[in-house]
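Please read them with the structure open.

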Amino acid sequence: MFIESDQGVISMPSNVLNTQCVISGGGPAGLMSGLLLARAGVNVIVLEKHKDFLRDFRGDTIHPSTMEVVHELGWLDEFLRLPHYPARSMMSWWDGTEMELGNFSRLPTQAKFIAMMPQWNFLNFLAEKAKAYKTFKLMTLCEAQSLIEDGSKVVGVRAQMPDGALEVHADLVLAADGRGSELRDQSGLDLEVLGAPMDVLWLRISRKPQDSKAIELRFSRSGVLIMINRDDYWQCAVVIQKGQFENVKAAGLAQFRKSIAQLTPLEATRFDEIQSWDQVKLLNVQVNRLRKWWREGFLCIGDAAHAMSPIGGVGVNLAVQDAVAASNILAQPLLQGNLSVSHLAALQERREFPVKVTQKLQVTIQNHIIAAALHGAKRMDPPLPLRIVNSVPFLNRLPGRLIGMGVRPEHVHTQSAFATDSTAGAAARNTLTPSTSST
């Protein structure tokens, strides 16, 4: 193993690191929790199996609740200088009937819109901010593979890097490695599957200046299409019946393009840009949650604890809210060396209610609206609750608030342990690659 120092890269005799918190996964939950814990003074190592964050068709909707957290940290102006498109409303069409699904202009937040931003820009921003704290380390190309246990207690993780194996011992192992979390699966925690009648096919087509600017959700007896304005292109989500992607491919690309064109007023030739199935990415939709998020020394957050449906695009923001709550509840016990299962249980108690409410709404929409559209049984009219909400003053603010802020939004309560939050200094020295490590 090696460590990077002011004198250069020098060899270290050990492949074992010790820290207060090790986090598996460099996604929104992992990086935000790592950043906030490190800012509070906790020694944190984040393990990310990829070399960077450049992966397409991840959750790219940064909601007002997440930007409020960035504002509380004093970085919102800088964050909004990153390339993004501000979506101030969300529109829906029901076999031709137009209805606003959510308006964010009256939210009690600094940013009154959803920022459509490539997730890698968001993650790079968090990583760069985190690197300013000497208590933060990001190890790339480092995949957490198994738990280290002492009796019933989790005391660390075993990881694999290109140049060999690594052990990281910690007071807390935080699994933020997504819906396919290997650490969660090894933990023995019980996963409750709520189910989903659908999968999603992601693709992109060009966008013209005269096109609509809003996020569009189109429901029809012909299917369901979600169109996300990414300025010079549309990021499209085509909803299909669960497990039917191979049948869709068997029907041919021409039929696929035709079926999408029927769902939108855009000219059909726009979809001729889809020339290969390589341009279409399958999202296997899952809705599930752990009955218990923790064991002694081990905690799951984000998708590892609760996989969300893509409905509302709230997955990233639920993960960020988990991370904020985790830092609020766990920072002091970690610093004081008295972390207990009661603290981990408190985190679940805090976050389980908003997760359950959000998933209940998503499952209801899946089973009663999307399933009907996918089976093409009848004309798709706006649901009665949506018509009522849109017609009654003050009630019409509720969908935007629910989508934009979520249930029980979190706020940063931890204080910085550092005299200044300046990013001055050689932040790059805090990024650990396969040939570097740190104690």
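In which handedness of crossing, left-handed or right-handed, does helix 8 pass helix 9? This is taken up in point 2, after the basis of the notes.

1. Basis. The model is predicted: local features need pLDDT of at least 70, side-chain atom pairs count only at pLDDT 80 or more, and totals for chains, interfaces and linings use all residues. Residues are numbered from 1 along each chain as its sequence is written, and side-chain values use heavy atoms, with hydrogens and water left out. Helices (H or I, at least four residues) and strands (E, at least two) are DSSP runs numbered from the N terminus.

2. Helix pair. The crossing of helix 8 past helix 9 is right-handed, that is, the near helix is turned clockwise from the far one by less than a right angle.

3. The structure holds 22 salt bridges, each defined as a side-chain nitrogen of Lys or Arg within 4 Å of a carboxyl oxygen of Asp or Glu. One of them joins Glu128 to Lys131, with the closest N and O atoms 2.7 Å apart. Both residues lie in helix 4 (residues 119-131), three residues apart, or about one turn of the helix. Glu128 is partly exposed at 42% relative accessible area, whereas Lys131 is buried at 10%. The cut-offs are under 20% for buried, over 50% for exposed and in between for partly exposed (1.4 Å probe, protein chains only).

4. Salt bridge between loops. Arg179 pairs with Asp303 in a salt bridge whose closest N and O atoms are 3.5 Å apart. This pair links distant parts of the chain, 124 residues apart: Arg179 is in the loop between strand 13 (164-175) and helix 5 (182-187), and Asp303 in the loop between strand 22 (298-300) and strand 23 (306-307). Arg179 is partly exposed at 21% relative accessibility, and Asp303 is partly exposed at 22%.

5. Salt bridge between strands. Arg289 and Glu192 form a salt bridge at 3.8 Å, N to O. The pair links distant parts of the chain, with Arg289 in strand 20 (residues 288-290) and Glu192 in strand 14 (residues 191-193), 97 residues apart. Arg289 counts as buried at 12%, while Glu192 is partly exposed at 22%. Both belong to a network of salt bridges that links Asp190, Glu192, Arg289 and Arg291.

6. Backbone. Most residues other than glycine have a negative phi. Asp231 is not a glycine, yet has a positive phi of about 75°. Asp231 is found in the loop between strand 17 (223-229) and strand 18 (233-241) and is exposed, at 53% relative accessible area. Arg408, also not a glycine, has a positive phi of about 55°. Arg408 lies in the loop between helix 11 (398-405) and strand 24 (431-432) and is partly exposed at 33%.
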